[in-house]
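Open the model in your viewer and keep the selection tool ready. This tour goes from stop to stop and says what to pick next.

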There are 2 protein chains.
Amino acid sequence: MNSSELRRIILDKGLARLGDAYINFIYSLALSEVEGAPTGVKVSDRILAEAARSSGLRSLLPKRSGRNGAANAVEALLVYAWDRKLMRSEEAVEILKSNPDPKESFTHLIGLIFERAQLQP
Amino acid sequence: MNSSELRRIILDKGLARLGDAYINFIYSLALSEVEGAPTGVKVSDRILAEAARSSGLRSLLPKRSGRNGAANAVEALLVYAWDRKLMRSEEAVEILKSNPDPKESFTHLIGLIFERAQLQP
């Protein structure tokens, strides 16, 4: 994947909407396993935007992009990686479980996807 | 599964929260495939409550349960069935894709889970 293809993915609004549903599901699964009882949670744009910044993904977005645009980019990238089999949902859940700070674990997920897609943010 | 175990499942609020995330994801996947482009959608309580009624699931709930309680029951049952491998997410997506009326396709899903768990609502 080259950087113009990556930009197209992270700016795709439909992919961000699907990714929103994907992320809420895998994060709810991770939290359910950590807590030992089923639960559901919506991952905030704030957390995803922080992960976009610390992973370098944010730097690929237009400068005017706000918190919502940065969160959308993470949502789109994660579900794209799942769809293209760059990262299975089970692996994403394990990584989300392994670190209680979701900003750090989402940063970790984005970094792994960059590596596997041979991307340098 | 007997009917008291089923009642415990469909009244479990944590399971309903996890199921809410699960249903939004699989329904978004189905809609993305039907439309030929990624998209995301939140399934309304109204649709899920109608499926609870037409499948017979509603009759297992306390009489005072409202629309939200009926929708929660569907959410809890579907993710329970996924977790216990009574229905894979891929199969649920195929069924949701096969009928443009989500009330009918969710009713179909609930009926299949009843059969596989050897339940009679």
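Select A:Arg8. A:Arg8 sits in helix α1 (residues 3-10) of chain A; helices are DSSP runs of H or I, at least four residues long, numbered from the N terminus. This is a predicted model, in which local features need pLDDT of at least 70, side-chain atom pairs count only at pLDDT 80 or more, and totals for chains, interfaces and linings use all residues. Residues are numbered from 1 along each chain as its sequence is written, while chains are lettered from A and ligands numbered from 1 in the order in which they are written.

Is A:Arg8 buried or exposed? A:Arg8 is exposed, because 12 other C-beta atoms lie within 10 Å. The cut-offs are 12 or fewer for exposed, 20 or more for buried, and partly exposed in between, with C-beta atoms placed from the backbone.

Move to chain B and select helix α4 (residues 67-83). Its 17 residues reach 25 Å from first C-alpha to last, close to the 24 Å expected at 1.5 Å a residue (1.5 Å times one less than the number of residues). α4(B) is mostly covered, with 13 of its 17 residues buried. Just after α4(B), B:Lys85 takes a positive phi of about 60 degrees.

Next, show helix α2 (residues 13-35) of chain B. The axes of α2(B) and α4(B) come within 7 Å and cross at roughly 80 degrees. The two helices are therefore roughly perpendicular (65 to 115 degrees; under 35 is roughly parallel, over 145 roughly antiparallel, the rest oblique). Axes are lines fitted to C-alpha atoms over the stretch in contact, with angles from 0 to 180 degrees between N-to-C directions. Among the residues that meet are B:Leu15 and B:Tyr22 of α2(B), and B:Leu78 and B:Trp82 of α4(B). Contact means C-beta atoms, placed from the backbone, within 7 Å.

Now pick helix α3 (residues 45-55) of chain B. Its axis comes within 8 Å of that of α4(B), and they cross at roughly 75 degrees. α3(B) is thus roughly perpendicular to α4(B).

Last, show both chains. 16 residues of chain A are in contact with 16 of chain B. Chain A can be laid on chain B with an RMSD of 0.0 Å, by a turn of 180 degrees and a shift of 0.0 Å along the axis (least squares on C-alpha atoms of residues with pLDDT of at least 70 in both). The two copies are thus related as by a two-fold rotation axis.

Conventions: Contact = placed C-beta atoms within 7 Å.
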